[in-house]
Amino acid sequence: MKNEDILTTRNLTKKYRKELAVDQVSMSIKSGDIYGFIGENGAGKTTFMRMVCGLARPSAGEMELYGASGKELQKARKNMGALIENPAVYPNMTAMENLEVQRRYLGIERKDSEEMLEGLLELVGLADVGRKKARNFSLGMKQRLGLAIALTGNPRFIILDEPTIGLDLVGKAELRNLLIKLNREKGLTIFFSSHDLSEMQRLATRYGFLHKGRLIKELTAQELEQECGPQGIDAEQYFLNLILNAGGERKK
Amino acid sequence: MRLFANELCKIKASRSVKWITIIFFCFAVLAGAVWKKGANPVEIYGFGAPFLWILGSGASGFFLYAAVVAGLFASEFESGVIHNALGCGVRRSSYFIAKVTAIFGVTVLIYLSSLGVLFLFKCRIAGFGPAELIFADYGRKVLVFNGWAICSLLSYVAVYIFIACLFRESVLTFIASLVVTLCELFHLFRGPVRIAIDAVAFIERDRILTPEFAALFMPCVWILVISLIGAYTLFLVQDID
């Protein structure tokens, strides 16, 4: 459903001893969005995403995924895929076996799965190497296998943390085109992070700017253009100005 | 069941586990081939000495196997593959239980298989035969002895699993696990290995089927339970990096 809230957070916070890694982040991602989370290294993007995936427990705040919260969150994650940081694959297993592992985690019956898994490998361009062990894959191939794992089970929502890291220009373009295709054809909602603004601009329909754990600005791609235009600056300068002004400013 | 099947697939795919299992079976073949019947009361039973050798010997492949498997557990944190499971809705408790059950199951399977190999070679090469099986309650004694031996081995595996949940790095887990074993072998504390060696006296006095023999292994039971509770708690509570 269009405009359905897929992910909503209210004052989500993560504190490590005295350090606030994520500071009262309130945001929502709607169905069909390609939401780009941008911030410098150490801004808290990965920590936030890990909380959404259930890998880290929030210190405070609330989170809803498909309207579910609390103890129901883990069940709701069945309809979500994630690729956090480095692609996580079993090196001694083939690409197909890695997908089979994920299939079992999702509870998908074997008899329904072979076509789906082969289709996934084809989608990410690994159809020719499906029976080869993942330890022989390049970083780019592992990244694509990681994406295929995240897409197993046809999730409606996917989280990608720095998905283009380690990819060459061609690889980045292929991944970008694939994500756009999945968003347009299958309505896949994408929440991804990057510190490369130019890469993000080619993909995102909405942006969230994270600085020192705080969400300092949210705007759509059109709003970004409208804000940059009159000032005669590019998006990168706009973001840098946001950081400079971030001292006393929270997201309005 | 599907989580359990996944864990079995992962163990099966591990080259380290395959090699360690092969080494362990080679030890079993060797122990069976060199065994000689003698007048020693332990050897009259036909099985005590070699099995105790397997259990008590730091040179056996078994503890190495257990350390490798715990290292595999820890490597899932390192490599991030655990994210794939937890990020798609698998509960931490289910994941942990499936993994520990698979590790324990494979451990028992390897132990029992190597027992069978050892017995086979003893019968073929050293001439241990049916006549030796007529000792009173031989079958029960074999079951009881090996039941407790498995318990003591699983207690070690549980300690290694706890170490894996604590350190979450495969190399560190492997080293720490072996250090724990070596500490016991060098008498720095009394744990499952020393207990198993102390069990020899009970075999010599034909006191396997006594409450005292069972009581000897109670510390192993406690170690098993406490280690698993500790590992489970760590796994449930800590953030996954």
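**Strands 5 and 6 of chain A**

Guide: Start with strand 5 of chain A and strand 6 (residues 157-161) of chain A, which run parallel and are joined by 4 bridges. Look across the pair: A:Leu83 stands opposite A:Leu160 in strand 6 of chain A. Keep in mind that this is a predicted model.

Now widen the view. The pair belongs to an open sheet of 6 strands in chain A. The order is 5-6-7-3-8-9, and the pairing is mixed. Which strands stand at the edges? Strand 5 and strand 9 (214-220) of chain A do. Each has a single partner strand, so one side of each is left without a neighbour in the sheet. Neighbouring strands of this sheet are turned by 15° against each other on average, direction ignored.

Next, the helices that cross the sheet. Helix 5 (residues 139-151) of chain A lies across strand 5 and strand 6 of chain A. Helix 5 of chain A runs at about 160° to strand 5 of chain A. Helix 1 (residues 45-53) of chain A lies across strand 3 (34-39), strand 5, strand 6, strand 7 (189-194) and strand 8 (206-211) of chain A. The angle between helix 1 and strand 6 of chain A is about 150°.

Zoom in on one residue, A:Ile158. Which residues does A:Ile158 contact, leaving aside its neighbours within four places in sequence? The list is A:Met80, A:Gly81, A:Ala82, A:Ala150, A:Leu151, A:Leu188 and A:Ile190. A:Ile158 also belongs to the largest nonpolar core, which has 132 residues. Six members touch the most other members: A:Ala148, A:Ile158, B:Val69, B:Ala70, B:Tyr160 and B:Ile161. Helix 8 (residues 138-167) of chain B gives the most to this core, with 16 residues.

Between helix 5 and strand 6 of chain A there is a loop, and A:Asn154 is in it. A:Asn154 has a positive phi of about 50°, although it is not a glycine. Is A:Asn154 buried or partly exposed? With 14 other C-beta atoms within 10 Å, A:Asn154 is partly exposed.

Compare another loop. A:Tyr66 lies between strand 4 and helix 2 of chain A. Phi of A:Tyr66 is near 50°, again a positive value in a residue other than glycine. A:Tyr66 has 21 C-beta neighbours inside 10 Å, so this residue counts as buried.

Strand 1 (residues 5-16) of chain A and strand 4 of chain A run antiparallel, with 5 bridges between them. A:Thr9 stands opposite A:Met63 in strand 4 of chain A.

In total, 27 residues of chain A are in contact with 22 residues of chain B. Helix 2 (73-76), strand 5 (80-83) and helix 3 (95-106) of chain A each supply at least two residues of the side of chain A that touches chain B. The largest share, 5 residues, comes from helix 3 of chain A. By class, this side of chain A has 14 nonpolar, 7 polar and 6 charged residues.

What is chain B built from? Chain B has 12 helices and 0 strands. Of its 241 residues, 46% are buried. Among contacts in chain B with a separation of 6 or more, 83% join residues 24 or more positions apart.

Last, confidence. The model scores ipTM 0.85 and pTM 0.86. Chain B has a mean pLDDT of 78, and 80% of its residues reach 70 or more. Within chain B, confidence is highest in helix 12 (residues 218-237), at 93. Confidence is lowest in helix 4 (residues 48-56) of chain B, at a mean of 47. Over residues 44-60 of chain B, pLDDT stays under 50.

Note on methods:
Residues are numbered from 1 along each chain as its sequence is written. Chains are lettered from A and ligands numbered from 1 in the order in which they are written. This is a predicted model: local features need pLDDT of at least 70, side-chain atom pairs count only at pLDDT 80 or more; totals for chains, interfaces and linings use all residues. Two residues are in contact if their C-beta atoms, placed from the backbone, lie within 7 Å. Ala, Val, Leu, Ile, Met, Phe, Trp, Tyr, Cys and Pro count as nonpolar, Asp, Glu, Lys and Arg as charged, and the others, Gly among them, as polar. Two strands pair if DSSP finds at least two bridges between them. Axes are lines fitted to C-alpha atoms, for helices over the stretch in contact, and angles run from 0 to 180 degrees between N-to-C directions. pLDDT is the predictor's confidence in each residue, from 0 to 100. A nonpolar core is a set of buried Ala, Val, Leu, Ile, Met, Phe, Trp, Tyr and Cys residues joined through C-beta atoms within 7 Å. A residue is buried if 20 or more other C-beta atoms lie within 10 Å of its own, exposed if 12 or fewer, and partly exposed in between; C-beta atoms are placed from the backbone.
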